[in-house]
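Hi,

Here is the structure I promised to pass on to you. Have a look at it first, and then read on for what turned up in it.

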Amino acid sequence: MKNLISTSRRFTAKLFISIFLLLFMFPTITVKGGVLITDAESGEPLPRASIFDNKGLFIGISTDNGEVPENIPADSYPLSIRYIGYDQASVDSPDAGTVSLTESSYELPEIVVNNVDHNLLHIIAYVRVFSSGVNSTDTLNYFTERIVDFMIPLDKKAKYKGWKNSRVLAERAYQHKKRNNKYEQIDTLIYIENRKSNGTSYNLAEKFIIPEALLAGDTSQVVIDGKYWPKDTWNVIGDSYFLLRDNLADSKDHKKSPAILKMLGMTADMTKYDEFYKFTPDSKGSIRADRIAQAAYMFDIIMRGKLIKWASGQGDPITMSSYGELFVIDREYLTADQAKELKKDPPVIDAATFKAPDHVPAIPEKTQLLKEAVIKAHPSAH
C-alpha cells in the first residue's frame, strides 16, 4: 500500500500509516463559557466524556470534573457528548451550563457455566472507531465498524491461553480524504471491507480489582495515582462500576515515544491513551472480563520524521487521533478443546449485513452523512 495524499504510490502509503495509527486535529480558536457534563439521576459530574464537533469529528474530552474544555472552536457547535453506558446528548453553545446524560438500559446476554472445565470466556463484541487527522494541507475523516471476538482464560488452570487482543470477524470502513494545496486538489470517498490490516486492536484484561472503599460504600470515587503504572479512576454510578485508566500517567510530560519507530525514520509522540470500562454489578473484590458491558479508548499521536515526509510529500507533522467504542453482544464459557476449535474455525459473519446492537447509541449525524456519501459513491458498499 502506498500514499494517502498524492496519487499512485504515495496515495496508499499514507493510507497504510493512517489505518495503523489514525488521525486528529487540535482546535485553536478559544471560546469562553462553561458546560458541565453530569449524570441525570445523581447530578454527579461525568469525568472525561467524549466530545464530537458538528462535523462528527472527535475533538476532545471533558475534564476529570466533567467540564467541557473552553478551547473548543466556536464553529464546532453544536457538540455531541458521548459517555460509555449513557445515551448521547447535544450541547448547542459554550454557555449551555449543565448537560445531563441518562444512563442507557442494557443487560448483558445470559451466560451459563456447565462445569469447572469451562474456564475460557469467549466474547463477541460490536466495535466502532471514529478517527480523523490533519497536516497543513491534508485531512482524513474515518469511521469503522467491526465485529470482533476474544478468548480470555479466567483462571490459571486454563489449558489454553486464548487471545486477549481482538480478532476481527467482519469489518466495514468509510473514509473521506481531502488534500488542498497549490499543486493538487484531492477529494475522495473510499469504502473498505474486511481489509487484512486491522489497525488498532482492543485488549481485554481478565481481571480488575475494585478498591475496598467502593465495595464498602464509603465513597463513590477512588483515584489510584499512576507512578510506574497507569492511573485508575473508579466511579460508582447507580448500580454500575466505571473505570477510567490513564495509560500515560507514568510517562514523562505525559508523553510516550516508541524508540523502535526511530529506526524507521519516524517519531510518534503519544500524548493521550485512555481506556474506559463499564461493568455490571458484582459483589466480589474483583471484576472478571465476563462483567464488562462496554468499553472505550482514545489516543492522540503526533507523527514526524523522514518516513512521514516521504509518505506525505512534505515535512509537516501529522496529528492523529482515534476514539473507539466496544459493546458486548454475546459471551459463553468454553473448554480448552472448544476454544481451540473456535480458533481454527471462527464464526462466519457477513460484513455486508451485520448491524449495531439495538442498545448502542446512534452515531453523530455527520458520521451518518459520511456513511451515506461513501455508499452513494460506491454502490457495492454497505
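Where does Asp-39 lie? Asp-39 is in strand E1. Please keep in mind that this is a predicted model.

I started with Asp-39, so let me stay there for a moment. Its relative accessibility is 4%, and Asp-39 therefore counts as buried. The side chain of Asp-39 comes within reach of the backbone nitrogen of Ser-42, at 2.6 Å. Beyond the neighbours within four places in sequence, Asp-39 is in contact with Glu-44, Leu-46, Tyr-86, Leu-101 and Ile-237. For one of these, Leu-101, the C-alpha to C-alpha distance from Asp-39 is 5.3 Å, although the two are 62 residues apart in sequence.

Thr-38 belongs to strand E1 too, which runs over residues 35–39. Thr-38 is buried, with a relative accessible area of 3%. Its side chain makes a polar contact with the side chain of Ser-100 at 3.2 Å. If residues up to four places away in sequence are not counted, Thr-38 touches several others, including Gly-43, Pro-45, Thr-98 and Val-99.

Now for the overall picture. The protein chain has 5 helices and 18 strands. It has 382 residues, and 53% of them count as buried. Among contacts with a separation of 6 or more, 66% are between residues 24 or more positions apart. The accessible surface is about 18300 Å², and carbon and sulfur atoms account for 51% of that.

The aromatic residues are worth a look on screen. Across the whole structure there are 15 aromatic pairs. One of them is formed by Phe-208 and Tyr-277, a tilted pair with 4.9 Å from centre to centre and 55° between the planes. Phe-208 is in strand E11 (residues 207–209) and Tyr-277 is in strand E15 (residues 267–279), so this pair ties together parts that are 69 residues apart in sequence. Both Phe-208 and Tyr-277 are buried. Tyr-297 and Phe-299 form a stacked pair, because their planes are at 15° and their ring centres are 5.8 Å apart. Tyr-297 and Phe-299 are buried as well. There is also an aromatic cluster made up of Phe-52, Phe-130, Phe-143, Tyr-174, Tyr-191 and Tyr-323.

Two charged residues sit over rings. The charged end of Arg-172 is over the ring of Phe-354, 3.9 Å from its centre. Lys-343 lies over the face of Trp-163, with 4.7 Å to the ring centre.

Helix H4 covers residues 336–344, and its residues Ala-336, Ala-339 and Leu-342 are buried. These three span an arc of only 125° around the axis, which means that they are on the same side of H4. Asp-337 and Lys-344, on the other side of H4, are exposed. What do the buried residues of H4 pack against? They pack against four strands: E7 (120–134), E8 (138–153), E9 (163–180) and E18 (318–334).

One last detail concerns the backbone. Most peptide bonds are trans. Tyr-77 and Pro-78, however, are joined by a cis peptide bond, with omega at about 0°. Pro-78 is in the loop between strand E3 (58–61) and strand E4 (79–82).

Happy to go through any of this with you.

Best wishes

How values were computed
Residues are numbered from 1 along each chain as its sequence is written. This is a predicted model: local features need pLDDT of at least 70, side-chain atom pairs count only at pLDDT 80 or more; totals for chains, interfaces and linings use all residues. Side-chain values use heavy atoms; hydrogens and water are left out. Helices (H or I, at least four residues) and strands (E, at least two) are DSSP runs, numbered from the N terminus. Buried means under 20% relative accessible area, exposed over 50%, partly exposed in between (1.4 Å probe, protein chains only). Contact means heavy atoms within 4.5 Å. Accessible areas come from the Shrake-Rupley method with a 1.4 Å probe; for residues, only the protein chains shown count as cover. Rings of Phe, Tyr and Trp (its six-membered ring) pair if their centres lie within 6.5 Å; planes under 30 degrees apart count as stacked, over 60 as edge-to-face and the rest as tilted. A charge sits over a ring if NZ of Lys or CZ of Arg is within 6 Å of the ring centre and within 35 degrees of the ring normal. The arc is that of the directions from the helix axis to the C-beta atoms. A polar contact is a pair of N or O atoms within 3.5 Å; within protein, one must be able to donate a hydrogen and the other to accept it, and residues adjacent in sequence count only if both atoms are side-chain atoms.
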